[in-house]
Each structure stands twice: as structure tokens, then as C-alpha cells.
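Colleague: I have a few minutes before my next call, and I would like to go through this model with you. Could you pick a place to start and take my questions as they come?

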Amino acid sequence: MNKMTSFNEGQSGTDTAQIPGSTPVNRLEDFPDASTFLTRKKYPALRIPAKQTATLRKLLGKQLLKIPRMKSVYDDPDNEKEYRILVLASDDALNGPEVTGLVEESKGSITTTNHWIEMPYDYLTVEETLKRILKDHVEEIPSAFEIIGNIAHVNLRDDCLPYKYWIGKAILDKNEPRIRTVVNKVGTIDSVYRTFGMEVIAGFDAEDWSIVTVKEERCKFQLDFQHVYWNSRLAGEHKRLVTHIFESAKKNGKKQTVVADLMGGIGPFAVPLTSHENQNNIRVYANDLNPASYKFLKINAEKNNCRQISCHNEDGRAFVHWLQKEKIPVDHFLMNLPASAPEFLDAFRGYQPLSFDATEATLPWIHVHCFAPKAAEKEDFYQCAVDRCAEALGCAIDRNQDKVNIHVVRDVSPGKNMLCVTFCLPASVVDLRPIIIDLKLKTPSNQIDAADEASSDMPKSKRAKTS
């Protein structure tokens, strides 16, 4: 591993850059000396016979002090040979029935006492460390952060920015070697590629520092955190939709279930659906407009031995039209771009059914992510999200007839939730006039495992256009 640093080149520890309306940024070398963090803390304890130590440690396991690398058993300074001090986690543990009952039954051989423990800097948590140095300077201690591979990502408020290097150091010190770089979000999320500016405030910042590997659903994903979108908080949603499609594929009895992932990113849906862990009857056409996402989508498809996958780098609307032009019978469309995905539904105007259930044509399932105000949950269970989808489609969406299901993905902010709106594409879209897309669709490329063409149901001439 390269040498750890604590700031970007050009932003050294002597940085005195002025933040408008604030004090200068505190230099890293001014971070308080470790000795200033040393404290002594009094814990409740039991004085026990040395011969009973192993038995009582097992019996009182849940009540004992549990601090990483910190002992819970010490010699009794007054009688090291015959007695030990057993340190408890809190006064609640001391006064609980397990401990009080034990003391009463011992008839004096076990007694209560106190034990002082020295707590040096290394034993403090991130929150405890930052409280010591920031409690008089910031409104709220910034102890929360997201982990992406070996990168810790924070989103510091303005009042914390003068202490950003100190905050970064505390996070790094308490989480090495799991974390090797700490970054702070700078600016807003780009509306097109969902990326955001960031600065390294602690740790490794040499070339390619932002390329990391994350694990999800028994798959490994490589990504460049600076240039692609990844949110670890969406792991549950990735699993939910992947599981839903697996179950749907088992029930529909079709030789092959086809999924089109319009805003596929680096493959959190597409890769698990087609990886070596899940060789089945599912084929995925995965697309993303961001060239960096497309690059890592291909890498991840190869690394996870995905066979039934085609990777594309196109506009989402144009990709829908290309799938129709190539007569690819899609069963599920995934649209994971919550800020604007519903508006892309206008690409389905005039959509012609290509999938058949027995002798009857069927239209695909749509799974579209979006944001909605929390207040809408109690009012009419997010009818506003359904209406937004209907407006883009250009036709009504009936909750019953079109089998609408709304799943609350996560709490985004105090007033906003992220949703997944699932419905069967309404039959009335077939008669709508298709929109005109002023984009020249590039020839899709990089289908993984060309040998798989032989097993495809597509005519050879059409397979060639996707390989």
C-alpha cells in the first residue's frame, strides 16, 4: 500500500484557505496530540474469587464490558493471587437481576466495587474523538459516513468545513485498514450521470485512489467512485428486484425471460441476474448513458462470468426504441434513475407487444424508481407518483387493471422517500403516437460471451447487431 497522506496535493497541512463567512481551515499538524485524549473512566465491577473467573465470565458474558482490545478482567490490586476484578458494562448491568442475584447467592464471596480504566486515543470511537475537539465549534458532530469499498464518504455541513482534515483523520485512524481514503462531497449531484464532486480529506490519494471493489449479492463490482454512481444503501432494493425477477421467471414458464435495464449503472441488477451464480433462463440488455458506467458494466459482467448479457452505452429513450426496432420481446424494464426516470416513460408511447403468453400478446412490466413527498403516503398512497408516470406515458394507469404496486425503497430526507412503482404497461399505449427522438443510436456493442449466440432465439442477422 502506498504511503498514507491526509490531504490532496496542493492542499497541504499548511492550508489556510478561507471559507467564505468562516474561520480558516484547521491544519492537520494542529490536530491535538494523542496524549490530550487520555482519560480515566470509572466502571462498575465485581470482586470475584480467582478460581471462578472462567465460569463467571461465561455466565455474565452479556453484562461484561465490551470494548475492542480492552480487557474485562484484571488482577485485584489488594490480593492478586486469590481475587480478580470483573468489569461490567454499565450501572444497568450492575443492577440487573443476573448480577444482583449472583452477589446475594455468593454470601459475601462476590462483592461490588468500581474499577478505573485509562482510555487513550486509540480506544476512542470516531464520535467520541470528534466530540472532544468539535463540541464547542459545530452544531452537530459528523460521525456518520458511507463506506464504498475502502473509501469513507462524508457530506460535511458548512460549519464543519474548517475542521475537515481533522474529521478525516479521526475517521481514518479509527477504521484502518478497512478504510484507506476519506472523501467529502463537494457541490451537487450531476443530474445526468448522478455523480458529484469530491475531495480527499484523509488517506490515500495517489493515482486511481477512487477505483474500488464492492461486494453485493455474491458478486464483485469494480467502480470508479469519482465517475460513476454507487449507493450502498440500495443493496436491499437491488436484492428485492433481482429476487422478484427470478421468481417471475420461474412462474411464467417461458424458455427465456428478457430484462432491459435502461439506467443500469455498473450492473447492480444486470450482473446478479446473469452471473455465474445464477445461470438460468434470464437474458439482460443493460444500458447506461455514462461512458464510465458502461466501461465498468462490461468489466463487471466479465469478472462475474455473466453470459446472457448485452452491454450498451446509449440514451435511455433511444434504447427503448432500438429494442422495439430489433423486435426484442422484453418482459421487464428497469428504470433506476429516481430524479427523472418517470419522464423517460414517454419512450413507450406506441410500444408494440412482442411477448406472447400462450396465443395472447402481453405487454412488459415496468419498474420505475422515483422520489415522492412522504405526506403522499397517508393522503392516497403516492397517487402523485402514479400520475407522474401516467403523464409521461400519455395515458391513464389504472391501479387495479394495470396491477400497480408501490414499494417504499428508503427514506431520503425528512420530507422525501424513494419509491419503486411497478405496473404492467397499459394496453392503451399501443395506439399512441411514438415520440421522435433526435438522437442517432450508436450500434450497440460488447455482448458478453459471443459463443452464447448459438443458443439465442434471435435470428442470426439480428444477433450480429448486438455483438
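Predicted model: local features only at pLDDT ≥ 70, side-chain atom pairs only at ≥ 80, totals over all residues.

Colleague: Where is Ala341, and what does Ala341 touch, leaving out residues up to four places away in sequence?

Modeller: Ala341 has its place in the loop between β14 and β15. Leaving out residues up to four places away in sequence, Ala341 touches Met263, Met335, Val368 and His369. For His369, which is 28 residues from Ala341 along the chain, the C-alpha atoms of the two are separated by 6.5 Å.

Colleague: Staying with that loop, which salt bridge does Asp346 make, and which parts of the chain does the pair link?

Modeller: The side chain of Asp346 meets that of Arg317 in a salt bridge, at 2.8 Å from N to O. The pair links distant parts of the chain, since Asp346 sits in the loop between β14 (332-335) and β15 (355-357) while Arg317 belongs to helix α9 (residues 316-325), 29 residues apart.

Colleague: Buried or partly exposed, for each of the two?

Modeller: Asp346 counts as buried, at 16% relative accessibility, whereas Arg317 is partly exposed, with a relative accessible area of 22%.

Colleague: And α9 itself, how many of its residues are buried, and what covers them?

Modeller: Seven of the ten residues of α9 are buried, so the helix is mostly covered. The buried residues are Gly316, Ala318, Phe319, Val320, Trp322, Leu323 and Gln324, and what covers them includes the strands β11 (257-261), β12 (282-287), β13 (309-312) and β14.

Colleague: Switching topic to salt bridges in general, how many are there?

Modeller: The count comes to 14 salt bridges, taking a Lys or Arg side-chain nitrogen within 4 Å of an Asp or Glu carboxyl oxygen as the rule. One of them joins the side chains of Asp76 and Arg47, at 2.5 Å from N to O. That pair also links distant parts of the chain, with Asp76 in the loop between β2 (73-75) and β3 (83-87) and Arg47 in strand β1 (residues 39-49), 29 residues apart.

Colleague: What about the accessibility of Asp76 and Arg47?

Modeller: Asp76 counts as buried, at 3% relative accessibility, while Arg47 is partly exposed, with a relative accessible area of 26%.

Colleague: Which partner does Asp75 have, then?

Modeller: Asp75 forms a salt bridge with Arg84, and the closest N and O atoms are 3.5 Å apart. Asp75 is partly exposed, with a relative accessible area of 44%. Elsewhere, Arg27, Glu29 and Asp30 are linked in a network of salt bridges.

Colleague: Let's move to the sheet with β7 and β8; what is the strand order?

Modeller: It is an open sheet of four strands in the order β5-β6-β7-β8, with mixed pairing. Because β5 (146-148) and β8 (197-203) stand at the edges with a single partner strand each, one side of each is left without a neighbour in the sheet. From one strand to the next the twist averages 30 degrees.

Colleague: How do β7 and β8 pair, and what packs on the sheet?

Modeller: Strand β7 (residues 181-186) pairs with β8 in the antiparallel sense over six bridges, and the residues standing opposite each other include Val183 with Val200 and Val186 with Gly197. Helix α5 (residues 164-175) packs on the sheet and touches β6 (151-154), β7 and β8, and the direction of the helix makes about 60 degrees with that of β8.

How values were computed. Residues numbered from 1 in each chain as written. Heavy atoms only, no water. Pairing = 2+ DSSP bridges. Helix = DSSP H or I, 4+ residues; strand = E, 2+ residues; numbered from the N terminus. Axes fitted to C-alpha atoms, helices over the stretch in contact; angles between N-to-C directions. Contact = heavy atoms within 4.5 Å. Buried < 20%, exposed > 50% of the residue type's maximum accessible area, 1.4 Å probe, protein only.
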